[in-house]
Structures are given as structure tokens and as C-alpha cells.
Amino acid sequence: MRFHGGCNIRLAGRPSDLVDVLPEPEVLRLPLQSCRFDFKEICVKEGEEVHPGQALAKDLDHFAVPLLAPRAGTVRLEEAEGHITLVDIHKEPEEPYRPEEPLEHAPRDMDSVGKKRYKLLALGAWQFFRDAYSGRLPNPFGVPSAVIVSTLALEPFLARGDVQIRKRLASFTRGLEHLQSLLEYQPIYLVLPDIGSGFAQRVRDTIRGYAWAQLVGIPLRYGLDHSAAIARGLGLKRNGEGPVWALDAAGALAVDRALTLSLPSTVRIVSLGGPAAEKPRHLKAMPGYPLSDMVETRKAESSTRIIAGGVFTGSEVPESQLGLDAECAGLTLLREHEERELLSFMRPGFDRASYSRCFLSAVRGAFIENLTTALRGERRACVSCGYCEEVCPARIMPYLIHKHLYQEGYEEAERIGVDRCLRCGLCSYVCPSKIELRGQFIDAQELLEQERPAEEVAS
Amino acid sequence: MRWLHGMFDSVRGLFEEKGKLARMKPVFEATENFFFGPATRTDGAPHVRDPLDVKRFMATVIVALAPCVLASLYFFGLRVLAMILVSYAVGGAVEVIFAVVRKEEINEGFLVTGLIFPLVLPPALPLWMVGVGIAFGVLVGKELFGGTGRNLFNPALVGRCFLAIGYPAAMAANWIKPGGGLLGRLTEYAHAGTVDAVSSATPLVFAKQGEFAGLSDLFFGNVSGSVGETSALALLAGGAFLLYTRVANWRTVVAILASFTVLGALLRAAAPDTFGPVGWHLLAGSLLFGAFFMATDPVSGPVTNPAKWAFGILVGGVTLLIRNLTGYVEGVMFAILLGNIAAPILDEVVVRYRVRRMQHEG
């Protein structure tokens with residue numbers, strides 16, 4: 001595999017390896033939206049008593065992915081807009097999975113593999129799967145051309161694979177076995193860091209016997225861990241024989257939980273980090289856990305931006321969102337930029353960590369700068385410095401795409417590969433002209449997607 | 001610094017949408033953001049940004065030019081300062097007028113153009129010509145194309161080209177003999193009327209007549225020539241800094257110097273009467289200045305790396321040919337302008353190749 005681009009920034013507040021268990025919540029507020037899903041179809045009634053693992057709502061646009069109740073409780077639908085609220089939360093033993101007959105939203109006369117896949121869907125494990133290229137939820141009953149299981153999450157900060165599977169290596173490998181049983185002959189690629197860490201070595205030792213699992217080592221540089229970058233590096237075509245499925249460590253664990261124990265995956269490990277996090281660490285949390293209880297008490301300063309996800313791709317948590325959403329893998333806390341520095345561009349910059357070498361910090365070793373949400377400059381026209389191309393893990397030319405998009409040349413932008421953009425955000429990060437490249441490319445991708453003929457989408 | 005903050009805050013209203021001076025908002029913004037880093041926050045992912053901005057990017061070039069400015073002050077005297085001031089004042093005025101008319105921000109690019117321009121002129125050139133030249137360069141070379149980032153040609157070279165064609169006599173004379181000793185001409189204001197200072201020609205002119213200046217004089221800059229181009233030492237120091245900070249791309253510089261050297265050595269071996277020694281030509285004239293500070297302009301040069309190599313080879317080769325085979329004594333300016341013309345097509349070739357590879361990969 002050849003690697004191009006990728007870049008790490010050192011952000012303060014890297015979550016420690018510790019996994020804290022949060023106290024049992026008194027109330028759960030489950031948002032009906034997460035980054036990919038919109039759970040529009042409500043399956044419960046006001047005042048209904050639900051048991052853990054019961055589907056509260058479904059997203060019919062995405063193969064009826066369910067929003068599962070993490071705990072037993074009483075449903076309140078009106079209490080918070082856009083949320084399902086569960087009150088009187090109590091811990092009940094989870095009931096093993098009993099498939100409802102007939103199976104809803106599933107093809108008729110399924111074989112045993114189809115039933116297993118249906119089980120993954122019903123038990124909340126399927127939502128960990130994504131199409132390696134588009135990031136969307138793949139068809140659970142489709143046939144992939146390959147599966148990529150990545151233990152790496154290099155964006156600062158998301159729950160790290162090594163933290164998640166350190167104590168559950170057996171479950172993880174069992175999850176891989178289950179995954180293999182869903183496939184015919186398609187390969188499973190297991191992505192590990194290319195360094196000789198003890199953890200990677202342990203995984204290698206455990207996996208050695210499996211002929212169907214191929215180990216892929218990649219450098220520890222953010223951007224290269226993106227599933228599309230890996231898939232492309234492995235020579236898996238985007239429009240090849242079938243989609244490429246990708247899932248992370250949490251996904252493999254969820255598969256194991258669903259197929260070995262027949263239990264739903266509701267509790268997950270979420271990272272809580274960032275420069276404004278008082279005690280950066282990993283947390284065991286469940287969807288709907290009140291954000292105020294997770295964050296407010298730990299917030300170091302008053303004016304803080306809460307980001308669902310990492311600093312490169314995450315989105316700011318809106319005021320209206322009250323609980324952890326169903327897909328969140330990490331919360332990153334950043335202080336909002338307030339101070340204006342005198343003659344800031346003239347300072348030697350010994351304390352400024354930059355991708356370029358335009359600051360005195362270039363002569364010192366790597367260090368952690370206290371970053372805020374500052375844009376750190378004014379928006380300008382592109383000066384063609386070429387930094388964006390250097391860091392781009394997708395091997396496209398962001399400045400050139402930008403120039404075409406600036407003139408609304410969408411076809412040209414498509415020709416030079418705007419659809420290959422991984423949305424990693426590195427180009428926007430390094431851009432000295434502070435151009436919102438990532439945002440522009442996402443808009444262009446969505447526009448081109450809409451214009452694509454319907455039959456092409458179907459195929 | 002609270003008083004300065006207060007000062008900006010007290011007059012801010014004048015420049016707001018309905019204020020008396022609303023039209024001058026770009027000037028106010030530029031001044032305020034010069035003193036205080038902007039207050040803007042990121043809006044969406046990525047939520048943090050690299051500290052590098054265009055101001056710093058341009059400031060780095062100015063720092064890299066510092067050795068060369070200091071050397072020129074030593075060799076040619078305080079008049080250099082006057083030339084820089086005129087260049088900044090006129091170039092800045094054009095930039096401000098366009099920003100106000102366009103209702104856009106004032107761009108930092110003119111800080112570099114305004115400093116580079118006087119450095120490529122003869123040191124005794126009348127100041128009004130400096131003003132006319134920079135005005136033409138900024139106006140035609142940059143603003144008419146849409147401002148910094150959209151220009152096809154290096155604006156300073158457009159200005160110089162204009163002067164070279166419009167006032168060929170003044171641009172071919174007006175040389176000053178370099179100062180020497182402890183202070184050089186640091187305390188003098190040597191101009192065309194200074195009796196002992198005027199020089200008739202530059203080393204490249206003498207070379208055409210078979211007279212070669214000493215290598216050490218060329219290296220330290222103790223020769224007549226354009227303001228900032230004479231001292232190879234200062235240029236190498238600034239150039240090394242520019243390459244280290246990665247503001248200038250090393251590929252362009254290496255390609256220019258390598259193609260110049262290789263082609264020069266070959267032609268020298270073939271026709272020693274026509275072509276001077278390569279080592280001498282490397283240090284003479286404005287080759288180093290052009291290679292480090294003008295050809296590396298990211299906007300007017302090519303962007304893709306293979307195109308940078310091709311561009312450099314073209315510029316280096318053409319410079320050598322113009323110097324030795326034409327009536328002109330120096331060819332760097334035309335070579336770079338020619339390179340600027342070729343840059344988009346070189347990039348396009350590389351882009352097409354990459355697109356084809358991308359489609360092949362699927």
C-alpha cells in the first residue's frame with residue numbers, strides 16, 4: 001500500500017486509556033437524529049413501559065435501523081422536542097433476542113445468513129457498518145466485495161480502538177469470526193497501526209490462525225485511517241463487484257454481542273476529550289445519557305464548544321440536543337476564541353504549532369499548543385501554496401477543485417475528483433487563506449449526488 | 001494595549017454600514033487586523049485551524065528579503081529606502097482604491113510586491129519612474145486579473161517589464177558604483193547626480209565585452225546592478241530561509257539553477273567564445289534573485305510538482321539563452337514572464353495525466 005498525505009495535530013486533552021462507568025441516569029433523552037439517521041417512525045406510545053433493547057423508533061430510509069431503549073423505563077414523547085424521553089429508569093436484565101414473526105422490512109424466505117444479518121439489524125449492531133466510500137449505511141442483505149475492520153480512530157478525539165478492545169480481545173476476534181460467517185469468500189481486512197505496539201502484537205498473535213483475515217498496517221497519521229483511503233489503497237474499486245463494508249472496533253464487538261449473546265448493543269464507549277475537558281478519558285455511556293451530566297460538570301471553562309465527534313469532522317452539538325445521540329463516538333470540548341492578540345502575525349511564534357515552518361516553533365520538537373476555535377486569520381483568495389494537496393489523503397487537488405467550484409464549474413470539479421474527497425478536513429485546517437474547502441466539497445458532492453441519474457444510484 | 005482597542009472601538013461606528021466612512025471599511029478592517037489578530041471563530045468542522053495565515057505567509061517573504069535589503073542599503077545608500085517608500089505608497093494606494101471600489105478586503109500581497117519591485121530596479125532610477133512602474137504592475141499585473149491570487153503574471157515583473165520597454169535608456173543606465181569600507185554608502189543618498197557614484201554598466205554588460213568581474217565581488221555584491229540583486233550571499237541567506245519555511249518551493253529553485261548550470265556547461269564546452277563560464281553566470285545578474293524570489297511566486301507559477309520542475313527548467317534555460325545569444329544582457333525577467341505564460345498549460349498537462357490515472361484506478 002502506498003500512502004499519501006495525512007497529518008497529525010497535537011491537541012491537548014487526549015482521552016486517557018481509562019474507561020469510566022457513568023452513574024446510572026435518572027432520565028434518558030434519546031435524540032431522534034444522529035449524523036446518518038433520522039428516526040422518524042416512532043414505535044412506542046406515550047406512557048408505555050419499555051424493556052431494554054426494545055425499539056423505540058426506526059429510520060425507514062435506512063433499512064429500518066432501530067433506536068433501542070438502553071434501559072427499562074417509561075416513555076414520554078412530548079417532554080423534549082426531537083427526543084424520546086425515558087423516565088423511571090431502572091436496570092432490568094436484558095431479554096435475549098426473540099425474532100418477531102413475520103420479520104418486518106426484510107426480504108421473504110431468508111436463509112440462515114440472512115436471518116443473522118436481520119438479527120444484527122434488530123440488535124443495533126448493523127448501525128456500526130458503513131460503506132467504506134460513501135460512509136452510508138450499507139444494505140444489510142447485500143453482498144459486499146470486502147470488509148474492512150479498523151481498530152484505528154486517529155481523529156482527535158474519538159473513542160480509540162485499542163481502548164475498546166483491550167479487555168475484550170476475545171469478543172473482538174469472535175466478532176470477526178461471526179463476520180466471516182456472514183460472507184462467502186470475501187476477504188476481511190483488519191487494519192492495525194504499522195508500529196510494533198504491544199497491543200498490535202497481541203492482536204496479530206490472536207488473529208494468526210485465521211486465513212480469511214488479512215492484516216493491514218497503516219501509519220499513525222490522521223486521514224490515512226479513513227475507510228475510503230484504506231479501501232483505495234487496497235485496490236478495492238468503488239464501483240466494483242459490490243460495496244466495501246467498513247466497521248470499527250466497536251462494530252466488531254457489537255457483532256459479537258448480537259450473534260454470540262443475542263443481546264442488543266446499547267452501551268458504548270465514548271471518548272470525552274479536547275483542550276477544554278477537565279479530565280479527558282473514555283466513558284461507558286448509552287444513547288440518551290443527559291449531555292449536561294456528562295459535560296457540564298467536567299467543563300473546564302464557561303464558553304466552550306461541545307463537538308460531537310472530533311475536531312476535524314465533528315459537528316457542534318446544538319443547544320436543543322439534550323442527550324447523547326445513537327452514533328456518537330466521542331465528545332470534544334474546545335474553548336471558544338475570545339482574545340485578540342496584539343500584532344499577532346509578527347510574533348516569533350515559538351508557541352505556535354504549524355504545519356508550515358513559518359513560525360519559530362519549526363526549530364523545536366513536537367509540542368502541544370492550546371488550541372481554541374479561532375479561525376486564526378482572515379479569509380483570502382487562494383495563493384496556491386499547495387499545502388492542501390500535500391496533506392490530502394485522497395490524492396486530489398483541493399485548491400484546483402476550489403477554483404472550479406468558485407466559478408460554479410461542477411462538472412470540472414467532478415472530473416478532477418471532488419467525489420473522492422474523504423471529508424477529513426485537513427485541507428481546511430492547513431489553508432493559510434482560511435478557505436472552507438471541506439464545506440465546499442461536501443456541498444458539491446451533495447449537489448452532484450442529487451443530479452446523478454436515478455438508475456445509476458439504484459445500481 | 002487597551003487604549004488601542006478602545007480607539008478602534010470608538011471609531012468603528014463610522015465604518016459600519018450606515019456610518020459616514022462606510023466606503024473606507026476595508027481600510028479600517030485592514031488596520032485593525034494588522035494590530036490585532038482577528039476575532040473570527042471557525043464555523044463548523046474543522047473546528048481548529050493552523051496558525052498560518054496569508055499575513056504571516058507574506059511576512060515570511062519580507063523577512064527573507066531583509067538580508068538583501070540590508071545589503072543594498074550598504075552598497076547603494078539611503079536612496080534605496082526612498083525607492084521602497086515610493087513603491088509601497090503608490091502600490092498600496094492602488095491596492096486600497098481597488099479594495100474600496102470592489103468592497104473587498106485589502107490584500108497583503110502588495111506588501112511583497114511593493115518590496116520586491118524596487119529591488120529589481122537600477123538604484124539611481126528617478127523616483128517617479130518607481131511610482132509609475134509599481135502602479136502599472138499592480139494595476140495591470142494584478143488588479144485587472146481580479147487581485148491577489150488570480151493574477152497570471154508576477155506583478156513586480158510586469159511593472160519592471162513596463163519600465164524596461166517604456167524607458168529603456170533610464171533602465172539601462174542609472175547604475176551606482178557599490179560603496180565599500182565599514183559603512184559603505186549607509187550614510188549617503190547617492191543618486192544620478194552624485195559625481196563619484198555613477199557607473200555606466202553592470203557586470204553582465206561588461207561581460208558582453210569580454211570583461212568579467214571577480215567572483216568574490218559577485219558573491220558579496222560589490223558590483224553595480226539592480227538594487228537587490230548584487231549580493232549572492234544575501235540572496236542565498238534569504239533564499240535558504242524561504243526554502244526552509246517552505247513558503248517557496250525548492251523544486252522551482254533547484255530546477256532553475258540546475259537547468260541553467262547544465263545547459264550553460266554544455267554550451268560553454270561547445271562554444272567557449274559565445275558562452276561565459278557557468279559559475280560566473282550563476283552569481284551574476286538577477287538569476288539568484290529571480291530563482292528564489294520571483295519564480296517561486298506561488299500564484300503566477302505552476303502549482304503541481306511536476307509542472308514546477310518543467311517551469312524551472314524552462315526559466316533557467318531561457319535565461320541562459322537570452323543572456324548569451326540575444327542583444328539583451330539579462331534574461332531573467334523575460335524568462336520568468338514566459339514561464340508564467342506556460343505555467344497554466346504545464347499544470348493542465350499534469351492534471352490531465354492525474355485525472356486519467358484516477359479514472360483508471362476507479
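This report describes chain A of a predicted model and the contact between chain A and chain B. Local features are given only at a pLDDT of at least 70 and side-chain atom pairs only at pLDDT 80 or more, while totals for chains, interfaces and linings use all residues. Residues are numbered from 1 along each chain as its sequence is written, and chains are lettered from A and ligands numbered from 1 in the order in which they are written.

**Chain A overall**

Chain A holds 13 helices and 18 strands; these are DSSP runs numbered from the N terminus, with helices being H or I of at least four residues and strands E of at least two. The C-alpha trace of chain A spans about 70 × 50 × 45 Å along its principal axes.

Confidence is lowest in helix 13 (residues 454-458) of chain A, at a mean of 52, and highest in helix 11 (residues 426-430) of chain A, at 96. Where pLDDT is low, the predicted coordinates should not be read in detail.

**Core**

The largest nonpolar core has 219 residues, and Ile148(A) and Val270(A) have the most contacts inside it. Such a core is a set of buried Ala, Val, Leu, Ile, Met, Phe, Trp, Tyr and Cys residues joined through C-beta atoms within 7 Å. Helix 3 of chain B gives the most to this core, with 12 residues.

**Paired strands**

Strands pair if DSSP finds at least two bridges between them.

| Strands of chain A | Sense | Bridges |
|---|---|---|
| Strand 4 (residues 49-50) and strand 7 (residues 72-76) | antiparallel | 2 bridges |
| Strand 7 and strand 8 (residues 83-90) | antiparallel | 4 bridges |

Val50(A) stands opposite Gly73(A) in strand 7 of chain A, and Arg76(A) stands opposite Thr85(A) in strand 8 of chain A. In the hairpin of strands 7 and 8 of chain A, with 6 residues between the strands, Gly82(A) has a positive phi near 75°.

**Contact with chain B**

The contact takes 56 residues from chain A and 43 residues from chain B, a contact being two residues whose C-beta atoms, placed from the backbone, lie within 7 Å. On the side of chain B that touches chain A, helix 3 of chain B supplies the largest share, 6 residues.

Notes:
pLDDT = per-residue confidence, 0-100. Buried ≥ 20, exposed ≤ 12 C-beta atoms within 10 Å, placed from the backbone.
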